Amino acid sequence: MKGKTTHTLTEAQIMDALNRRHSPEKQRLLSEGHVAIAGLGGLGSNVACALARIGVGHLHLIDFDVVDITNLNRQQYFIGQIGMYKTDALKSLLEQINPYLDIRTDCVRVTEDNLPRLVADAPIVCEAFDDPVAKAMLVNGILEHFPEKKLVSATGMTGYDSSNTITTRRIMKNFYLCGDGISEPSYGNGLMAPRVAICAAHEAGMITRLLLGEEDV
């Protein structure tokens, strides 16, 4: 039985593979892209992995929490990462996908006061909180302070209802909302990996479209 082989890829090799998949013209836009992801749970961890895989060049990861056993049913973490800050755990995973990305982290709780500073540099902000109050705070803060930024948010993804109820809607010129818009956690109908990942993919898909110059859903 052959032993394990560790493969080290150069940045040029990864870029060549991405260019062949996406075209050099599209990949240039993705590589120049800058996205802030606020919340690194079921939504944010999946969004970040999707964007890293397509070579989005600049990712800003924001969360204050640590990985917990209850996160493993839907979030992109592993048993060995329990107790780690999510910013550190997710960054380590993304670096295994593409070690040449510019990944910035802020291990901090987002508040009304620090929000303007945290997202100032990102043209696109992904809202990925679990808490409805935090969601509303971030959305309202972006709309108030940075109406020119593209904001991609999500609500309604619990349980095991039909996948087809999760959609992406354009709420305002620069504000996009993903999810079914109504489902809430209840006994036996909590957050589960499939629908959470589908909603996260909607967020990542809309962000990808925006990076490539498409603003319609």
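How many helices and strands does the protein chain have? In this predicted model, the protein chain has 7 helices and 7 strands. Read from the N terminus, the order of these elements is α-α-β-α-β-α-β-α-β-α-β-β-β-α.

**Overall dimensions**

The protein chain has a radius of gyration of 17 Å, close to the 17 Å that the globule rule gives for 217 residues, so the chain is as compact as a globular protein of that length. Along the principal axes, the C-alpha atoms occupy a box of roughly 50 × 40 × 35 Å. Of the 217 residues, 46% count as buried. The protein chain exposes about 11400 Å², and carbon and sulfur atoms supply 54% of this area. Among contacts with a separation of 6 or more, 68% are between residues 24 or more positions apart.

**Cysteines**

The structure holds 0 disulfides. A disulfide is a covalent bond between the sulfur atoms of two cysteines. For Cys126, the closest cysteine sulfur is that of Cys178, at 8.1 Å, which is too far for a bond. Cys199 is likewise in no disulfide, and its nearest cysteine sulfur, again in Cys178, is 5.7 Å away.

**Val47 and its surroundings**

Val47 is found in helix α3, which spans residues 42–53. With a relative accessible area of 0%, Val47 is buried. Leaving aside residues up to four places away in sequence, Val47 touches Ile37, Cys126, Ala200, Glu203, Ala204 and Ile207. One of these contacts, Cys126, is also buried, at 0% relative accessible area. Asn140 lies 93 residues from Val47 along the chain, and the C-alpha atoms of the two are separated by 21 Å.

**A nonpolar surface patch**

At the surface, Ile69, Ile79 and Ile82 form a nonpolar patch, and together they have about 320 Å² of accessible area. Ile79 is found in the loop between β2 (58–62) and α4 (86–97). Its relative accessibility is 66%, so Ile79 counts as exposed, the cut-off being over 50%.

The table lists relative accessible areas for residues discussed above.

| Residue | Relative accessible area | Class |
|---|---|---|
| Val47 | 0% | buried |
| Ile79 | 66% | exposed |
| Cys126 | 0% | buried |
| Cys199 | 0% | buried |

Note on methods. Residues are numbered from 1 along each chain as its sequence is written. This is a predicted model: local features need pLDDT of at least 70, side-chain atom pairs count only at pLDDT 80 or more; totals for chains, interfaces and linings use all residues. Side-chain values use heavy atoms; hydrogens and water are left out. Patches are made of residues with over 30% relative accessible area and no salt bridge: like charges are joined within 9 Å, nonpolar side chains (Val, Leu, Ile, Met, Phe, Trp, Tyr) within 5 Å. Accessible areas come from the Shrake-Rupley method with a 1.4 Å probe; for residues, only the protein chains shown count as cover. A salt bridge is a side-chain nitrogen of Lys or Arg within 4 Å of a carboxyl oxygen of Asp or Glu. Helices (H or I, at least four residues) and strands (E, at least two) are DSSP runs, numbered from the N terminus. Buried means under 20% relative accessible area, exposed over 50%, partly exposed in between (1.4 Å probe, protein chains only). A disulfide is a pair of cysteine sulfur atoms within 2.5 Å. Contact means heavy atoms within 4.5 Å. The radius of gyration is taken over C-alpha atoms; the globule rule is 2.2 Å times the number of residues to the power 0.38.
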